[in-house]
Amino acid sequence: MLTITVDDSAFRSHMQELQKRLDNLTPVMEDIGNRMENAVRQRFATRTDPSGAPWAPWMQSTRESYPVAGTPAAKKYGAGNALLLDRYGDMLGSLNFQADPASVRVGFAQPYATYHEYGTKRMARRGMLTADPAQGRLGVADEAMVLDVITQWLAPKNGP
């Protein structure tokens, strides 16, 4: 599973208050995990990174070797989905989150997701989880979503 450490200093004071109000933060972490997972799924649909920038297109060598129906590669490996970062659906299908009382981990079970998140010497970065993986920074919209979830959980509950 791809694991990226995120600088959470912006959320720390909110989390401390939340910990005072709730004995078990698992429901909060599950809410954040669900929303992050949905945001990543949306990125696959829009082919954009957490900052809203379009993913880099395939290199010509990738286009030429991609297993599109009727090509030699498809005959050898099976026809793919012909979508960027979605050759056979394995990576997106492995997207998941794990929540516990103090944290949530969102990532992919496919180890090659790391190459896409960070990029390589030969492959452009196509961010799915972070705006800046080296700094552990979420995109602005993702940060706002996390703060919104925390704010909702911190808000006084009306009724019995």
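**View A. Phenylalanine 97 and its bridge partner in β2.** Phenylalanine 97 has valine 106 of β2 as its bridge partner, and the strands β1 (residues 95-99) and β2 pair in the antiparallel sense over five bridges, where pairing requires that DSSP finds at least two bridges between two strands. Four residues lie between β1 and β2 in the hairpin that they form. Helices (H or I, at least four residues) and strands (E, at least two) are DSSP runs, numbered from the N terminus. The model is predicted, with local features needing pLDDT of at least 70 and side-chain atom pairs counting only at pLDDT 80 or more, while totals for chains, interfaces and linings use all residues. Residues are numbered from 1 along each chain as its sequence is written, and side-chain values use heavy atoms, with hydrogens and water left out.

**View B. The largest nonpolar core.** This core, a set of buried Ala, Val, Leu, Ile, Met, Phe, Trp, Tyr and Cys residues joined through side-chain atoms within 4.5 Å, has 25 residues, and Ile32, Phe44, Phe108 and Met128 have the most contacts inside it. Two or more residues are given to the core by each of α2 (26-46), α5 (90-93), β2 (104-108) and α7 (140-154), and α2 supplies the largest share, six residues.

**View C. The helix α2.** With 21 residues, α2 reaches 30 Å from its first C-alpha to its last, close to the 30 Å expected at 1.5 Å a residue (1.5 Å times one less than the number of residues). Its buried residues (under 20% relative accessible area, 1.4 Å probe, protein chains only) include Ile32, Val40 and Phe44. Arginine 47, with a positive phi near 55°, follows α2.

Notes
Buried means under 20% relative accessible area, exposed over 50%, partly exposed in between (1.4 Å probe, protein chains only).
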